[in-house]
Amino acid sequence: MSAGPKYGPKPWLQAHWDLRAATNFILGGTGSGLLVSVALTAHGTPGWKPFLALALALIAAGLGAVWLEIGRKLRAMHVFFNPFTSWMTRESFAALVVFTLGALALALGRPWLAQAAGLAALAFAFCQGRILLASKGIPAWRTPGVVALIVATSLAEGGGLFVGIKAALLATLPTPWLAVFALALVARAAAWSRYRARLAAGAPRTALESSGRILVYGGTAAPLALLALGLMLPPVAASADIVAGLAALVAGWRLKFVLLRRAAYNQGFSLPQLPVRGGH
Amino acid sequence: MTRWAMIADLRRCVGCQTCTAACKHTNATPPEVQWRRVLDMEVGEYPEVQRAFVPVGCMHCAEPPCMHVCPSTATRQRADGIVTIDYDLCIGCAYCAVACPYQARYKTDHPEFAYGEPMPSEEQRFDARRFGVATKCTFCSDRVDAGLAQGLVPGVDPEATPACVNSCIAKALHFGDAEDPASNISQLLAENQYFRMHEELGTEPGFYYLWDKRR
Amino acid sequence: MKVKTYCYQCVAGPDLLTVEVRDGVATSVEPNFGASCVHPGGGKVCVKAYGLVQKLYNPSRVRSPMRRTNPKKGHDEDPGFVPISWDEAFETIAAKLNDVRARGLLDESGYPRVAASFGGGGTPQSYMGTLPAFLAAWGPMDMGFGSGQGVKCYHSEHLYGEFWHRGFTVSADTPSCDYNISCGANIEASGGVAGVWRHANARERGIKRVQVEPHLSVTGACSAEWVPIKPKTDAAFLFALAHCLLHEHPRERLDLEFLGGRTSAPYLVGPNGYYLRDPATRKPLLWDTRRGAAVPFDAPQAEPALEGGPYSVAAVEIGPDQDILAEGELSGETAFTKLAAHLKPYTPEWAQGISDVPAATIRRIAGEYLSHARVGATVEIDGALLPLRPVAVTLGKTVTNGWGGFECCWARTMISSLVGALEVPGGILGTTVRLNKPLGERLKSVRPGADGFMAYPLNPTDREHWSPSPNIRNAYRSMVPLAADGPWSQALGPTHFSWMFLDETPKGLPRVTLPEVWFVYRTNPAISFWDTDRVAEQMARFPFTVAFAYTRDETNHFADILLPDAVDLESTQLIRIGGSKFIEQFWEHEGFALRQPAVAPQGEARDFSDIATELARRVGLLEKYNAAINRGVAGVALKTEKWDFSLDPATPHPAERIWNAICRAASAELTDGAESQGLEWWREHGLRTRPFSRRDWYLYPTIVELGLRFELPYQERLLRVGKELGRRLHERDMRWWDAQLTEYQALPKWKDFPGLWETSLRAMGGEPDDFPYWLLTARSMQYAWGGNVGMQLIKEVADNVAGHRGVILNPRTAERLDVAEGDLVEIATPKASVRAHAVLRQGIRPDTLLLLGQFDHWATPFARDFEMPSMNKLVPMSLALTDATGSGADVVRVSLRRAA
């Protein structure tokens, strides 16, 4: 028997969405970011198909994980019933579009289909961000700026995965790719900064702070430095780019894990007025 | 129009949890699921300390975040304001549970019983539909509806009134139609100062907390 | 189908409920809305009653009689209970009982060979069916092995309350009260449905309640003001309040008419501290200002002086044993003058130093009390014009028992009498009687006694009648005159003595022997008394224990036979409700309520009445047993001049037939013989009442009618009784009660009460500086009395209330000791220690710790996994900490540190 409060009134860690739900955001975000990377590079690059397939697999794995969490697995199709207001429904539709376009792209080998799929993947990532924003019960999720953060980190993670694997396969990567990747890193750091500033009162800062620091230093500054290093010293470019990509990926995963599992406190209960008990 | 609402008079509540227990009886909720419960809140620093007992549960909001986020439309809102869950539609994603600012929703994945094996009273009330899905306070809508059908007044006639309100030994809980200016609820709101929980989130809760007379 | 029944699991009842039964299964509890117009709580029932369904179906219930197979008894000895038939169980028990009857009911020490403990402040009586008839038929039985009721809880209030104003329990007249000073009375947790309902209404009306208590209890939370007083210093606070009333406000603000006409305030006190009495009639004298002379207290049209003097009076002063201490022209002062002088040194500044309550606060509270008292006001109640004094001082347990309890009860009652707020609308009311007869009928129990006061059945202290025997093991009759000698007196004596003296009987008392047979029901002394380890060890020595068992528990662990009685929702009984009962249960109606089976008993559980009948039959007491039922021992007399529903004495009657007859008698009583509906009618209706006049809530009209006075403020009789008791004891060289004798004072002084616990600590081998914290306990409404520790539902909902999962301490204290929320801490005396998780709360003094309720179970299923300790393990059973009425307190000095 533990001694902690079970139901408040102080904020407590939500216990509804566990690692399975967090995995959807983690893998789904990375997958959509990877798909966007594919979309941006497919035209000039042969060999985009395995990356597209990997991206689809990551998104599917994320959705599969969250499917494991729902209480009525056989009713999963009900998730499509509320496109009117539910971002979870919209996320599911976006996923449907992603898979349809992605499958077509793989089957027909058309880069423009991959680009369309990338657009759908961007929408998918956007929906994930909106899912969190609508979660009024969790201050750290309903903070303005969370959508941009989720989208930005998806791009940075996917980009990081793309750059990392590509760097392992090719010796040098086209500078535009690195530029766009660097942009994604900077955008993510900016999104984090904006989100952090808007963090609602009551949302716990400590857990997020440390993962934010990891994001800024380990997931942005370090990769940027490594990319620059690689540009300046071509012999180390491949290794540097791999590490940069992985660092960007891991930092993003760390942030999302913390956001969804460690910092996911509800706001508890508060009394703007105290009752007046009898006469004065 | 009608809007069913509840009042908790914080001046009267003593935190006894009779309503918590009565709700569990009437609704046969599994262990640890408390659709109605009472918080024990402390404010201040010794010796300037105050302690309040705060009944909470589903606020049956006019702008329910749970309903907006529900992907399956299992969560709906009746015309009379009561927010409902269709257990057969719900997929148990628990999105509503994280969307609710009042921690009012529960999801029990597997049947659980007080002492491991079910007692006859638990077997009698067992409802398989309620596992793996979201559940919450219903404002005892079945009692309200059955009572209305017999011409009874919810909040006045016990048979038409939520169990928690019926059970309160401090007369701290009240239930009635907030849109009827002559109702018990409306009168209490007119005579007293009140607030709603987390009002700044824009949920428009249907649950009011009285804290002082209007002076 | 909704079955109507009552709940009397705790002394704040009885309350009414319905149980829904679907297809023969009890499912849920609801209030009995039909009772809302008569029940002072809207027909509601508190959280405890919602545990009754789980209580019914608890898989850990003892389902058949059981017999011990392991002859060794001990904490670590598995009893080896095996199921047996009811027949075998009865045969075994009857054999023991018949053997006792053959050898005589009293042993060589004169103690009853058979003992029985029921605990629960009398509430088990509402569940034991016709067992009282068996007990009455049996003869002398020792019911003094306590489990904590009384001595740990309101003991001084019980005895002194009944003595002063027929108040076994004392309540504010909440519906009319405007200002309530509450010293530790945790009424919102202990007052039950009626208490909570009424106090909530009072708050709405604007009552100001000031809660004076070391921690911010549920009641403190719901009060207008919280005063964090140092433990066991309430007497200082109250004395200072009285000082303010007497020395810092004009006399005219007090109720001088009440004091002069309805109390002993004007009685003249002689040089030796006893009343100056008329030489011819021996009546106490007062100074009549109209005549300008001393007259007997009941002289017609006297206008007694409250002050002035000293007065020179021809009188005789009679002391203990009728000794003439002085006679002739004697100088006397009024009791009131002596009172004022006595309280002069007890200033708010003095009290501040002791109690931590600022002097300014004490003054303000005294002023507020006075300004709310409305001296001179009247109100009409049921056609009678009565004084209205809407101020009340209420006290909690630990304040009203143990050393200092007398002082607090006296101060509270005396303060009330200063403004006339005693037994009148708005003031303090005694609610029932248990020591005076007729039982439960406080107004009828008032009879004129000596000196203008109510008669009281004090145990004799005169040379001719005092004796150390015959008695029971806790020696109440010899040691505690105020305990009287009625059916309830045994359980209101020093019930820890029964346990303590088994090791060594103090000089002068017959050697305390083990009971040969011990019955125990609805009580768990191994959990609820002090020094619980030791109590368990004593129980292990009892040769034959029969426990009416719900589940296995820490007491029936030592039993030889377990008998499953049908529980609350399985059996039949009719009890009286309404009128004026314990706590805040004073109604405007009185009558009866039925408890009836909602479902058939689980397993082989049997209705207690059937068990009692069978026992009576096998022990050859059937006729006496039935006669007792006919006489009314089970609740209602079956035969009166107007009706006769009596049962054939020679036949064993099934429970249904007995209760049908009792129902008929109840119907007849309520209708003065016009109707006589039986069980079937009562099953349908559940209860029946007739009006009970609100005027009968107050003792004042009876006092006036009989021309009596309240025996306050001066305790001349107690002084005399104490001196006589001292003489009797010393004549037999019994000196071990000498400290207790000092409590018998006419005007009690402040003693260093907290210091007594420091002395006790030193006796245990510790130094106060090493054990600086006061460990206290407080009521948990969810658990208390209901035997609810095994109920999952109760644990679940109770956990919402702070303190149910550990020891409450102040965060500053925690920080100093490097303790975080949830950390395991060790709480220790020099002799024992317990461990608990830390619960940090601002609402507690930094020098105080709180362990809610009484847990520390090791045998009761479900409860034994709570990891909640109890202070009971740490509090010794101590003669030194026992006061004159035989009670102690749930207070102990401890050390605190983070557990390794």
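Predicted model: local features only at pLDDT ≥ 70, side-chain atom pairs only at ≥ 80, totals over all residues.
Start with chain A, which has 8 helices and 0 strands. Its pattern along the sequence is simply α-α-α-α-α-α-α-α. The C-alpha trace covers about 80 × 45 × 35 Å along the principal axes. For 280 residues, a compact globule would come out near 19 Å in radius of gyration, and the 21 Å of chain A agrees with that.

Burial takes in 53% of the 280 residues in chain A.

Chain B brings in both kinds of element, with 7 helices and 10 strands. Its C-alpha trace spans about 50 × 45 × 35 Å along the principal axes. The radius of gyration is 17 Å, in agreement with the value near 17 Å for a compact globule of 215 residues.

Of those 215 residues, 67% are buried. The accessible surface of chain B is about 7100 Å², and carbon and sulfur atoms account for 51% of it. Chain B has 21 positive and 28 negative side chains, with the centres of the two sets 2 Å apart.

## The nonpolar cores

The largest nonpolar core holds 361 residues, and the ones touching the most other members are Phe134(C), Phe237(C) and Ile827(C). Helix α8 (residues 234-247) of chain C gives this core its largest share, 11 residues. Apart from it there is another core of 82 residues, including Ala117(A), Leu208(A), Ala264(A) and Ala97(B).

Who does Phe134(C) touch beyond its neighbours within four places in sequence? The list is Leu97(C), Ala612(C), Leu615(C), Ala616(C), Leu621(C) and Tyr625(C).

## A closer look at Lys338(C)

Lys338(C) belongs to helix α10 (residues 335-343) of chain C.

Setting aside neighbours within four places in sequence, Lys338(C) is in contact with Val269(C), Glu333(C), Tyr714(C) and Leu747(C). The C-alpha atoms of Lys338(C) and Ala746(C) are 10.0 Å apart, although 408 residues separate the two along the chain.

How values were computed
Residues numbered from 1 in each chain as written. Chains lettered and ligands numbered in written order. Heavy atoms only, no water. Helix = DSSP H or I, 4+ residues; strand = E, 2+ residues; numbered from the N terminus. Rg over C-alpha atoms; globule rule 2.2 N^0.38 Å. Buried < 20%, exposed > 50% of the residue type's maximum accessible area, 1.4 Å probe, protein only. Areas by Shrake-Rupley, 256 points an atom, 1.4 Å probe, with all protein chains shown as cover. Lys, Arg positive; Asp, Glu negative; His and termini not counted. Charge placed at Lys NZ, Arg CZ, Asp CG, Glu CD. Core = buried A, V, L, I, M, F, W, Y, C linked by side-chain atoms within 4.5 Å. Contact = heavy atoms within 4.5 Å.
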